[in-house]
Amino acid sequence: MTRFIDVPTMSRLVQEIGVARFVGELADAIRDDFVRWADFDKSARVASHSDIGVIELMPVSDAQHYAFKYVNGHPGNTGRGLYTVMAFGVLAEVATGYPVLLSELTLATALRTCATSLMAARALARPDARRMALIGNGAQSEFQALAFHHHLGIEEIAVFDLDPRATDKLVRNLAHCTGLRIRRASSTADAVRGADVVTTLTADKAYATIITPDMIEPGMHLNAVGGDCPGKTELHADVLRAARVFVEYEPQTRVEGDIQQLPADFVVVDLWRVLAGTEAGRQSAEQVTVFDSVGFALEDYSTLRYVLEQASRRQLGVEVELVPEADDPKDLFRHTRAGSARAALRRVA
């Protein structure tokens, strides 16, 4: 049987663990998998692009497990009452191909994206970073704010979005977070002024320049999260040229990240090498660092692995017969006959 985690179950799992703890533990799980980078069979995601969005499949595997995520990105969805990003994923045994987990990943992807940003910032931001700017206050923003407040020591966040309702929502959702000051900025430039960490979370599928060279200050660390497909950027090319740039999986980031604006020989650093201790991260307190984050399948592998472990421990989810039970492994036809159907699902707890 395959464990199935739907949205209500994922919500319960997050509530039982707590958002801050969930993100911190997930960041550690992703880091552990990045450190053993060579163990994985990796490839760029398979993408189907249209003028209004993208649908992608993201596969990765090691000797024990194979994982994939189905995910979309449609910025216009909010006008239809839908989320911009929606996802689900599967974790399977390599030895048998048997699917052990089928899970929602819309909520979990938001958690893994901020966990990945946190993982990178722990390695690249200045240790004394206390002020952050969040540009784009949509579905990902609260997760980033909580992750950096609880695990990086951020005390003040300046927030800006072209849609003031998005900022209203962020402020409302974080009103309970004592010890974190939220400042509404009047513009992107106002938000990033004096920031130690800048995270961009915009959604438009466009060659945008949300951050320009005149906004950059010595020692800044930038998480460029919104640019994640061809034709979609957030940073002016000169910001990248003046910084030390880190990537997840270079062949994918060259096509989808902010560095798609630059020549193929523009030098970048593999983040996994920094985490493994074989490459330097930040080289000075004044250096500007950029994590050109596009999202990589290994992060979803780590998330599915973590979710399975935590849900199993708490006996959350249901077991479904996603593939037929093999009473006779050579007789599949019997499942077409009357009387072969079984209960559709069985609660774990």
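What follows is a short chat about a predicted model.

Visitor: What kind of model is this, and what pLDDT do local features need?
Guide: It is a predicted model in which local features need pLDDT of at least 70 and side-chain atom pairs count only at pLDDT 80 or more, while totals for chains, interfaces and linings use all residues. Residues are numbered from 1 along each chain as its sequence is written, and side-chain values use heavy atoms, with hydrogens and water left out.

Visitor: In what order do the strands of the open sheet come?
Guide: The order is β10-β9-β8-β11-β13-β17-β15-β16, eight strands with parallel pairing. Strands (E, at least two residues) and helices (H or I, at least four) are DSSP runs numbered from the N terminus; two strands pair if DSSP finds at least two bridges between them.

Visitor: Which strands stand at the edges?
Guide: β10 (181–184) and β16 (269–270) do. Each has a single partner strand, so one side of each is left without a neighbour in the sheet.

Visitor: How many bridges join β11 and β13?
Guide: Four, in the parallel sense, between residues 197–200 of β11 and residues 221–224 of β13. V197 stands opposite H221 in β13.

Visitor: Which strands does helix α3 touch?
Guide: Helix α3 (residues 106–124) packs on the sheet and touches β13, β15 (244–247) and β17 (289–292). Its direction makes about 155° with that of β17. Axes are lines fitted to C-alpha atoms, for helices over the stretch in contact, and angles run from 0 to 180 degrees between N-to-C directions.

Visitor: And where does helix α4 lie?
Guide: Helix α4 (residues 141–152) lies across β8 (131–135), β9 (156–160), β11 and β13, at about 170° to β8.

Visitor: Is E156 buried or exposed?
Guide: E156, found in strand β9, counts as buried at 15% relative accessibility. Buried means under 20% relative accessible area, exposed over 50%, and partly exposed in between (1.4 Å probe, protein chains only).

Visitor: What is E156 in contact with?
Guide: Leaving aside neighbours within four places in sequence, E156 is in contact with R130, R131, M132, L180, R181 and R183. Contact means heavy atoms within 4.5 Å.

Visitor: New topic: where is Q64 found?
Guide: Q64 is in the loop between β4 (53–61) and β5 (65–73), and is partly exposed at a relative accessible area of 48%. Beyond four places in sequence, Q64 is in contact with A92, E93 and V94.

Visitor: How far apart are Q64 and P230?
Guide: They are 166 residues apart in sequence and 32 Å apart in space, C-alpha to C-alpha.
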